[in-house]
Amino acid sequence: MSRAQVRTPKIRSGRSPLFKAGLGATTLAVAVVLLILVIGREPFDRSHLTARGAILDARIVPIGALDGGRGGKILYRIDALVRYAGQGQMQELWLPVEYYYPYDAMIARLAHRPEVCEVFWARRHPENAKCRFYDDFH
């Protein structure tokens, strides 16, 4: 008998089509759950402490610049002078406002003279407090 006539049986994988379908369904279910968690998350991480703050003044400040091939772009943010109860006493600080929009939108936002915001900070880092306008997370 020559070598050309010797046939070896093919080894089949132990995974049936049913197993592959189950694995695909499980993967799809995990992806859907992760998508729901990302889309439906709360505006703030609930590990942050919060307080209602009264906005005394607000300003737009430059925070940096991006260099581009045909010129650059200046980046801005809103800072607000906020009075709030934090760390067991009244605080009055300039805080960055979480409001990431173009400069013209910031001017329009401040034209409405916001009066209150939600101040939030990580439990262990009250020095990094920020505020957010209430109507931005409804």
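Why does Val 32 count as partly exposed? The structure is a predicted model, in which local features need pLDDT of at least 70 and side-chain atom pairs count only at pLDDT 80 or more, while totals for chains, interfaces and linings use all residues. Residues are numbered from 1 along each chain as its sequence is written, and side-chain values use heavy atoms, with hydrogens and water left out.

Val 32 counts as partly exposed because its relative accessibility is 41%, the class lying between buried (under 20% relative accessible area) and exposed (over 50%), with a 1.4 Å probe and protein chains only. Val 32 is placed in helix H1, residues 17–39, where helices are DSSP runs of H or I with at least four residues and strands are runs of E with at least two, numbered from the N terminus.

Aromatic pairs, of which there are 4, require ring centres of Phe, Tyr or Trp (its six-membered ring) within 6.5 Å, with planes under 30 degrees apart counted as stacked, over 60 as edge-to-face and the rest as tilted. One of them is the tilted pair of Tyr 99 and Tyr 101, at 4.4 Å centre to centre and 55° between the planes. Tyr 99 also forms an edge-to-face pair with Phe 133, at 6.0 Å centre to centre and 65° between the planes. This pair links distant parts of the chain, 34 residues apart, with Tyr 99 in the loop between strand S3 (89–97) and helix H2 (103–111) and Phe 133 in strand S5 (residues 125–133). Tyr 99 counts as buried at 9% relative accessibility, and Phe 133 is buried with a relative accessible area of 1%, whereas Tyr 101 is partly exposed at 48%.
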